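Please examine the sequence and the structure shown below before reading on. The briefing then describes how the parts of the fold are arranged.

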Amino acid sequence: MNARLSSPATARNREPILEVLRRVLPADARVLELASGAGEHAVYFAAALPGVRWRPSDPDAAARASIAAWIDAEGAGNIAPPLAIDVSADDWGVTDEAPFDAFVAINMIHISPWEATLGLMAGAGRLLRAGGVLFTYGPYMRDGRHTAPSNAGFDASLKARDSRWGVRDVADVVRAAGDNGLALDEIVEMPANNLSLVFTKRAER
Ligand SMILES: C[S@@+](CC[C@H](N)C(=O)[O-])C[C@H]1O[C@@H](n2cnc3c(N)ncnc32)[C@H](O)[C@@H]1O
């Protein structure tokens, strides 16, 4: 059986995301990816960024099976097996590998309860080195408004699937990050009304 899952959205967004990652990640970064999903991004980014060491993760067993299958099929030497990390948990079981130089979380913040974002930020506060980077990508509201009608529709469809999900406001995400010692460096406008948010962990907490 082929466990490798694939999505057309990944085929469309991986190159624009890679362009930002190339710029904001240190060339030799030890990266922890949260909510890796299918794992297509992970193998693509690891292959394109040969100096980094990429650790994918997802709490979902089918996702981890897909990530492992992608690594078996196409994985470069710099990608590690997937871990089971629920970002809402207090302990992610990665203390041995910490501190990381960077966290990457693509399309997670809107497709999980708000507690997951709080957990992501708390984890970044605990496990990123000072000066480390947190990269998030997805649709966001700005100043209380959707950035496009299609995002408003998407937000409604997310909430219909799970009332705890939804497109978040950048300001709320920035506040949660700030509470954990992370400062917003950059907002990058991405195709299809998505944003990349780039945070840096401050030296002093
Ligand atoms: C829409 S998928 C995104 C997957 C991939 N990053 C992408 O862009 O294709 C959302 C992912 O978030 C993961 N997720 C949901 N809640 C989570 C949590 N509390 N901690 C970590 N990951 C979570 C899900 O298992 C799922 O794989």
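Predicted model: local features only at pLDDT ≥ 70, side-chain atom pairs only at ≥ 80, totals over all residues.

Residues are numbered from 1 along each chain as its sequence is written. Helices (H or I, at least four residues) and strands (E, at least two) are DSSP runs, numbered from the N terminus. An open sheet of 6 strands is present, and 3 strands form another open sheet.

**The sheet of 6 strands**

- Strands of a sheet pair through backbone hydrogen bonds, either parallel or antiparallel. Here two strands are said to pair if DSSP finds at least two bridges between them.
- The strand order is β2-β1-β3-β4-β9-β8, and the pairing is mixed. At the edges lie β2 (53–55) and β8 (182–190), each of which pairs on one side only.
- On average, neighbouring strands of this sheet are turned by 20° against each other, direction ignored.
- β4 (residues 128–138) pairs with β9 (residues 194–201) in the antiparallel sense over 6 bridges. Thr136 has Leu197 of β9 as its bridge partner, and Phe135 has Val198.
- β8 and β9 also run antiparallel, joined by 8 bridges. Ile187 stands opposite Leu197 in β9.
- The hairpin of β8 and β9 has 3 residues between the strands, and Ala192 takes a positive phi near 60° there.
- A residue is buried if 20 or more other C-beta atoms lie within 10 Å of its own, exposed if 12 or fewer, and partly exposed in between, with C-beta atoms placed from the backbone. Because 6 of the 8 residues of β9 are buried, this strand is largely enclosed by the rest of the structure.

**Helices**

- Contact means that the C-beta atoms of two residues, placed from the backbone, lie within 7 Å. Axes are lines fitted to C-alpha atoms, for helices over the stretch in contact, and angles run from 0 to 180 degrees between N-to-C directions.
- Helix α2 (residues 40–48) and helix α3 (residues 61–74) have axes that come within 8 Å and cross at roughly 35°.
- Their crossing is right-handed, a term used if the near helix is turned clockwise from the far one by less than a right angle, left-handed being the anticlockwise case.
- Glu40, Ala42 and Val43 in α2 meet Ile67, Trp70, Ile71 and Glu74 in α3.
- Helix α5 (residues 149–161) has 13 residues, which should span 18 Å at 1.5 Å a residue; its end C-alpha atoms are 19 Å apart, which agrees. The expected span is 1.5 Å times one less than the number of residues.
- Of the 13 residues of α5, the number buried is 1, so this helix lies largely in the open.

- A nonpolar core is a set of buried Ala, Val, Leu, Ile, Met, Phe, Trp, Tyr and Cys residues joined through C-beta atoms within 7 Å.
- The largest nonpolar core has 52 residues, of which Val31, Leu34, Ala102, Phe103, Ala105 and Leu134 touch the most other members. β3 gives the most to this core, with 6 residues.
- Leaving aside neighbours within four places in sequence, Leu134 is in contact with residues including Phe103, Ala177, Leu182 and Phe199.
- Leu182 lies in strand β8, and is buried, with 24 other C-beta atoms within 10 Å.
- Not counting residues up to four places away in sequence, Leu182 touches several residues, among them Met121, Leu134, Ala177 and Phe199.
- The C-alpha atoms of Leu182 and Ala27 are separated by 21 Å, and these residues are 155 residues apart along the chain.

**The sheet of 3 strands**

- The order is β6-β5-β7, with mixed pairing. The edge strands β6 (145–146) and β7 (168–169) each pair on one side only.
- β5 (residues 140–142) pairs with β7 in the parallel sense over 2 bridges. Met141 has Asp169 in β7 as its bridge partner.
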